[in-house]
Amino acid sequence: MNSSKTALLMGASGLVGNYLVFKLLQSDRYEKVITLVRKPMHLKHPKLEERVVDFDQLTPGDVAGAEDVFCCLGTTIRQAGSKEAFQKVDLVYPVQIGKLALEAGARQYLLVSSIGANAQSSIFYSKTKGEVEARIAALGYPNYTIFRPSMLLGKRKEFRLGEELGKVFDLLLSPLTLLVPPFRKYKGIQASKVASAMLDIASQEVPGQHILESDDLQRY
Ligand SMILES: NC(=O)c1ccc[n+]([C@@H]2O[C@H](COP(=O)([O-])OP(=O)(O)OC[C@H]3O[C@@H](n4cnc5c(N)ncnc54)[C@H](OP(=O)(O)O)[C@@H]3O)[C@@H](O)[C@H]2O)c1
């Protein structure tokens, strides 16, 4: 295993990103893990370089050294305060960082998108996710993988009513997913599995563009 790679991770303080940062730090593949954060996380590790950045004023220096780019950024319209603010986090920042990192020499981009992502969707969230997928594809990374999880499962610091209701729905759906295979992709997925899949796919370095749907992620 090549242990001389540098990972760049956005969203390290989030549910998927937090699992991923520890997996990256433990991986033999990486000698350095750079996190882009808006406020310090106070994590200490010899391989870790935390860069506190202004996401509205990103510079080439913010992404310098990146080889594999992992994007776990995300918010909700409610958290962000408006559709425009949501789009910044879920669309503008991931694309800007992708562009800067590619110009700086990065060769892989791994994006957490969402089930139902579709640039033509009439649902704003799904449309934004479809658009971010397409705009990063257009950047031209040699290796680009999109991960489309269904509802993420895992312990959050804050309470999200929608997700708690979703967990009940997930329990009700479980027997159906066993009986009706097309329903499998709607089953909730552990955030740690998404993080494991991202590390595994990055390590395989498979050229081209790929999409992993939620049911593909369940095997991790
Ligand atoms: N939740 C679900 O069930 C679900 C389902 C399917 C897909 N997804 C998608 O999966 C991805 C990961 O989700 P998650 O639940 O792991 O995310 P999360 O826990 O909400 O974490 C989001 C990350 O984005 C960062 N972020 C949010 N607003 C920001 C801003 N204005 N500027 C800079 N950074 C900002 C957060 O940093 P701070 O700590 O600084 O806020 C955090 O690191 C997202 O793209 C989400 O849309 C989620």
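# Close-up views of a predicted protein model

**Figure 1. The whole chain in outline.** Buried residues make up 45% of the 220 residues in the protein chain. Buried means under 20% relative accessible area, exposed means over 50%, and partly exposed lies in between (1.4 Å probe, protein chains only). This is a predicted model, in which local features need pLDDT of at least 70, side-chain atom pairs count only at pLDDT 80 or more, and totals for chains, interfaces and linings use all residues. Residues are numbered from 1 along each chain as its sequence is written, and side-chain values use heavy atoms, with hydrogens and water left out. The protein chain has eight helices and nine strands. Helices (H or I, at least four residues) and strands (E, at least two) are DSSP runs, numbered from the N terminus. Along its principal axes the C-alpha trace spans about 45 × 40 × 35 Å. Of the contacts with a separation of 6 or more, 68% join residues 24 or more positions apart. Contact means heavy atoms within 4.5 Å.

**Figure 2. Thr 145 in strand E6.** Strand E6 covers residues 143-148 and includes Thr 145. Thr 145 counts as buried because its relative accessibility is 5%. Which residues does Thr 145 contact, leaving aside its neighbours within four places in sequence? They are Tyr 109, Leu 110, Leu 111, Ile 201, His 210 and Leu 212.

Figure 3. The structure holds six aromatic pairs. Rings of Phe, Tyr and Trp (its six-membered ring) pair if their centres lie within 6.5 Å; planes under 30 degrees apart count as stacked, over 60 as edge-to-face and the rest as tilted. Tyr 30 and Phe 70 are edge-to-face, because their planes meet at 80 degrees, with ring centres 6.2 Å apart. Tyr 30 lies in strand E2 (residues 30-37) and Phe 70 in strand E4 (residues 68-71), so the pair ties together parts 40 residues apart in sequence. Tyr 30 is buried, at 1% relative accessible area. Phe 70 is buried too, at 0%.

**Figure 4. Rings between helices H4 and H5.** The ring centres of Phe 86 and Phe 124 are 5.7 Å apart and their planes are at 50 degrees, so this pair is tilted. Phe 86 belongs to helix H4 (residues 83-103) and Phe 124 to helix H5 (residues 124-137), so the pair links parts 38 residues apart in sequence. With Tyr 125, these two residues form one aromatic cluster. The charged end of Lys 83 sits over the ring of Phe 124, 4.8 Å from its centre. A charge sits over a ring if NZ of Lys or CZ of Arg is within 6 Å of the ring centre and within 35 degrees of the ring normal.

**Figure 5. The kink in helix H4.** Where is the kink in H4 centred? A kink of about 35 degrees is centred on Val 89. The bend at a residue is the angle between axes fitted to the seven residues ending there and the seven starting there. Buried residues of H4 include Phe 86, Val 89 and Tyr 93. After H4 comes Gly 105, whose phi is positive, near 115 degrees.

**Figure 6. Two loop residues with positive phi.** His 42 is in the loop between E2 and strand E3 (48-52). Its phi is near 60 degrees, a positive value in a residue other than glycine. His 42 counts as exposed, at 67% relative accessibility. Glu 205 is in the loop between helix H7 (191-204) and strand E9 (208-213). Phi of Glu 205 is positive as well, near 50 degrees. At 36% relative accessibility, Glu 205 counts as partly exposed.
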